[in-house]
Every structure is written in C-alpha cells, then in structure tokens.
Amino acid sequence: MSRKLPALTPDNRAFWQGGEQGRLMIHHCGHCDRWFHPPAPVCSRCCSRSVEPRPVSGKASVYSFTVNRQIWDTALPDPYVVAIVELVEQPGLRFVSNVTDCPVDAVHVGMKVAVHFLAQEDVWIPLFRPEAQS
C-alpha cells in the first residue's frame, strides 16, 4: 500500500525514521520533563529549547477513532480505522494513526494497542495493532 509521505525535517526525522530500529521516537523536554508531539525545536509548555527525541514504549490505548468506508485512494484498504492513540508515557500524549491487523468492528475506545511500522522509502510509518498481537 502506497501512502503520501511526509517531508523530512531536522525536527521530525527521528519520529519518521525511528521505526528502522523498531523505536517510536517522541520529543521530550528536559526542562519541564514533558513529552510532546508533533516534534518541534521548542517545548510548547515551557518554551525551553532543551528538547530531544527519545524512544517510548510504543504502548498506547485508543482514545478515539472512526472507521473510514469511503474509497479515497484505491491503495488503502476499505474500510480502515483512523484513530487518535494516547501513549502510556503521559496522559494527553496523543497522535493520529491507524489501527491495523484486526477487524474494524473490534476496535473500541480504551483498546490496548502497540506500535508497529510500515516502511516506505526512507519513512517508517507508526501504525498500531491490538497489544496481544505485538
């Protein structure tokens, strides 16, 4: 399946390429000890520049989701789940991804999921599957 790939920058490169080593890399502020996403050169909470990407566990729960049944691109499966996942490292540490490797009707809010990666060119897209399958 081919996806539109992000433009890599110095700030987001670790997030999009950490999957090559099987690591989900999220920015962390050394000053206020908070994780944040999307990656940026400055912490959005305390404005410190003492930020760097660090590996996280890759464990999360489904915070919210929708099932897409519209065929927008024939390269994407129909239907598929678009979810906001919340990482276990910190309440509120969320980002949008897909839940894969399970029936769309099995996905539910609170579902425990774990990261896996889809490699495309020089990008490793973080996707999530039910935790028991990881």
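A salt bridge is a side-chain nitrogen of Lys or Arg within 4 Å of a carboxyl oxygen of Asp or Glu. The structure is a predicted model, in which local features need pLDDT of at least 70, side-chain atom pairs count only at pLDDT 80 or more, and totals for chains, interfaces and linings use all residues. Residues are numbered from 1 along each chain as its sequence is written, and side-chain values use heavy atoms, with hydrogens and water left out.

By the salt-bridge rule the count comes to 5. One of them joins lysine 59 to glutamate 131, with 3.6 Å between the closest N and O atoms. Lysine 59 belongs to strand 4 (residues 59-68) and glutamate 131 to the segment after strand 8 (123-130), so this pair ties together parts that are 72 residues apart in sequence. Helices (H or I, at least four residues) and strands (E, at least two) are DSSP runs here, numbered from the N terminus. For accessibility, buried means under 20% relative accessible area, exposed over 50%, and partly exposed in between, with a 1.4 Å probe and protein chains only. Lysine 59 is partly exposed because its relative accessible area is 39%, and glutamate 131, at 31%, is partly exposed too.

Another salt bridge pairs aspartate 101 with arginine 129, whose closest N and O atoms are 2.7 Å apart. This pair also links distant parts of the chain, 28 residues apart: aspartate 101 is in the loop between strand 6 and strand 7 (112-120), and arginine 129 is in strand 8. Aspartate 101 has a relative accessible area of 42% and is partly exposed. A further salt bridge runs between glutamate 52 and arginine 54, at 3.2 Å between the closest N and O atoms. Glutamate 52 is partly exposed at 39%, as is arginine 54 at 30%.

The aromatic side chains come next. A pair of aromatic rings is described by the distance of the centres and the angle of the planes. Rings of Phe, Tyr and Trp (its six-membered ring) pair if their centres lie within 6.5 Å; planes under 30 degrees apart count as stacked, over 60 as edge-to-face and the rest as tilted. The count by this rule is 3 aromatic pairs. In one of these, phenylalanine 15 and phenylalanine 95 have ring centres 5.5 Å apart and planes at 85 degrees, so the pair is edge-to-face. Phenylalanine 15 lies in helix 1 (residues 13-17) and phenylalanine 95 in strand 6, so the contact ties together parts that are 80 residues apart in sequence. Phenylalanine 15 is buried, at 6% relative accessibility, and phenylalanine 95 is buried with a relative accessible area of 7%. Phe15, Trp16, Phe95 and Phe128 form one aromatic cluster.

What sits over the ring of tyrosine 63? The charged end of arginine 94 does, 3.6 Å from the ring centre. A charge counts as sitting over a ring if NZ of Lys or CZ of Arg is within 6 Å of the ring centre and within 35 degrees of the ring normal.

Tyr63 also takes part in a nonpolar surface patch of about 270 Å², together with Ile84 and Val96. Patches are made of residues with over 30% relative accessible area and no salt bridge; like charges are joined within 9 Å, and nonpolar side chains (Val, Leu, Ile, Met, Phe, Trp, Tyr) within 5 Å. The areas come from the Shrake-Rupley method with a 1.4 Å probe, and for residues only the protein chains shown count as cover. Valine 96 is in strand 6 (residues 94-99) and is exposed, at 58%.

The structure holds 0 disulfides, a disulfide being a pair of cysteine sulfur atoms within 2.5 Å. Cysteine 29 is in none: the nearest cysteine sulfur, that of cysteine 46, is 3.6 Å away. Cysteine 29 is buried, at 0% relative accessibility.

Some backbone details remain. Histidine 37 and proline 38 are joined by a cis peptide bond with omega of about 10 degrees, and proline 38 lies in the loop between strand 2 (34-36) and strand 3 (51-56). Cysteine 47 is found in the loop between strand 2 and strand 3; its phi is near 65 degrees, a positive value in a residue other than glycine, and it is exposed at 57%. Aspartate 33, not a glycine, has a positive phi of about 60 degrees. Aspartate 33 is placed in the loop between strand 1 (24-29) and strand 2 and is exposed, with a relative accessible area of 53%.
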